[in-house]
Amino acid sequence: MEANAFDLLKDYATAGRQYDIIVLDPPAFARSRKTLPAAMRGYKEMNLRAMKMLRPGGILVTCSCSFVVGEDDFAAMLTEAAQDVHRSVKLLEKRAQAKDHPILLGVPETHYLKCFICELT
Ligand SMILES: C[S@@+](CC[C@H](N)C(=O)[O-])C[C@H]1O[C@@H](n2cnc3c(N)ncnc32)[C@H](O)[C@@H]1O
């Protein structure tokens with residue numbers, strides 16, 4: 001299926017669809033610090049809609065490949081989204097990019113891929 005993920009998530013959430021697992025792997029929404037606030041709104045909207053559609057115990061695999069979005073920013077966005085939809089999120093695992101894209105200590109931008117695997121309770 002090919003669709004705009006924002007529209008699809010909205011339509012499916014409105015239709016009351018429910019899932020056991022949802023994977024969100026969007027393109028980089030922020031390419032500079034200037035676009036960070038708008039990007040965080042996009043990440044939040046997408047994650048919030050997915051959280052709404054997960055059954056209790058459902059799994060959310062959610063990613064950001066924006067190098068300006070730090071792990072803490074990403075976690076804070078997910079926390080806010082969960083609060084807005086009155087869901088609790090248990091972080092099961094944090095992942096990053098594969099080893100052929102090394103993370104250089106002192107160069108936070110090189111940790112560009114954040115991937116959280118969460119259980120929605
Ligand atoms: C990080 S890649 C995902 C890669 C995928 N997980 C894989 O393993 O092949 C992001 C993808 O989202 C697509 N995309 C960008 N904007 C989109 C939108 N509004 N709705 C749906 N897909 C979109 C891009 O074309 C790109 O293929």
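**View 1. Met-46 sits in helix H2.** Helices here are DSSP runs of H or I with at least four residues, strands are runs of E with at least two, and both are numbered from the N terminus. This is a predicted model: local features need pLDDT of at least 70, side-chain atom pairs count only at pLDDT 80 or more, and totals for chains, interfaces and linings use all residues. Residues are numbered from 1 along each chain as its sequence is written, and side-chain values use heavy atoms, with hydrogens and water left out. Met-46 is buried, at a relative accessible area of 5%. Buried means under 20% relative accessible area, exposed means over 50%, and partly exposed is in between (1.4 Å probe, protein chains only). From Met-46 to Leu-36 the count is 10 residues in sequence. Their C-alpha atoms are 15 Å apart in space.

**View 2. Helix H2 is mostly covered.** Of its 18 residues, 13 are buried. H2 reaches 26 Å from its first C-alpha to its last. That is close to the 26 Å expected at 1.5 Å a residue. The expected span is 1.5 Å times one less than the number of residues in the helix. An α-helix has 3.6 residues a turn, so residues three or four places apart point the same way.

**View 3. A salt bridge joins Asp-84 and Lys-44.** A salt bridge is a side-chain nitrogen of Lys or Arg within 4 Å of a carboxyl oxygen of Asp or Glu. Here the N to O distance is 2.8 Å. The pair links distant parts of the chain, 40 residues apart. Asp-84 belongs to helix H3 (residues 71-84), and Lys-44 to helix H2 (residues 36-53). Asp-84 is partly exposed, with a relative accessible area of 44%. How many salt bridges does the structure hold? There are 7.

**View 4. Glu-71 and Lys-94 meet in a salt bridge.** Their side chains come to 3.1 Å, N to O. Glu-71 lies in helix H3 and Lys-94 in strand S3 (residues 89-95), so the bridge ties together parts that are 23 residues apart in sequence. Glu-71 is partly exposed, with a relative accessible area of 26%. Lys-94 also counts as partly exposed. Its relative accessibility is 44%.

**View 5. Lys-90 forms a salt bridge with Glu-119.** The closest N and O atoms are 3.7 Å apart. Lys-90 is in strand S3, and Glu-119 is in strand S4 (residues 114-120). The two residues are 29 apart, and the pair links distant parts of the chain. Lys-90 counts as partly exposed, at 43% relative accessibility. Elsewhere, salt bridges with shared partners join Lys-44, Glu-80 and Asp-84 into one network.

**View 6. Leu-120 lies in strand S4.** Is Leu-120 buried or exposed? At 0% relative accessibility, Leu-120 is buried. Lys-52 is 68 residues from Leu-120 along the chain. The C-alpha atoms of Leu-120 and Lys-52 are separated by 9.4 Å.

**View 7. Gln-97 lies in the loop between S3 and S4.** Gln-97 is buried, with a relative accessible area of 11%. Its side chain has two polar contacts to show here. A polar contact is a pair of N or O atoms within 3.5 Å; within protein, one must be able to donate a hydrogen and the other to accept it, and residues adjacent in sequence count only if both atoms are side-chain atoms. The side chain of Gln-97 reaches the backbone oxygen of His-101 at 3.0 Å. A polar atom of that side chain also lies 3.2 Å from the backbone nitrogen of Leu-113.

**View 8. His-86 has a positive phi.** The angle is about 55°, although His-86 is not a glycine. Most residues other than glycine have a negative phi. His-86 is found in the loop between H3 and S3. His-86 is exposed, with a relative accessible area of 72%.

View 9. A backbone N or O atom of Ala-5 lies 2.8 Å from a ligand nitrogen. For Ala-3, a backbone N or O atom lies 3.4 Å from a nitrogen of the ligand. The protein covers 36% of the 600 Å² of accessible area that the ligand has on its own. These areas come from the Shrake-Rupley method with a 1.4 Å probe.
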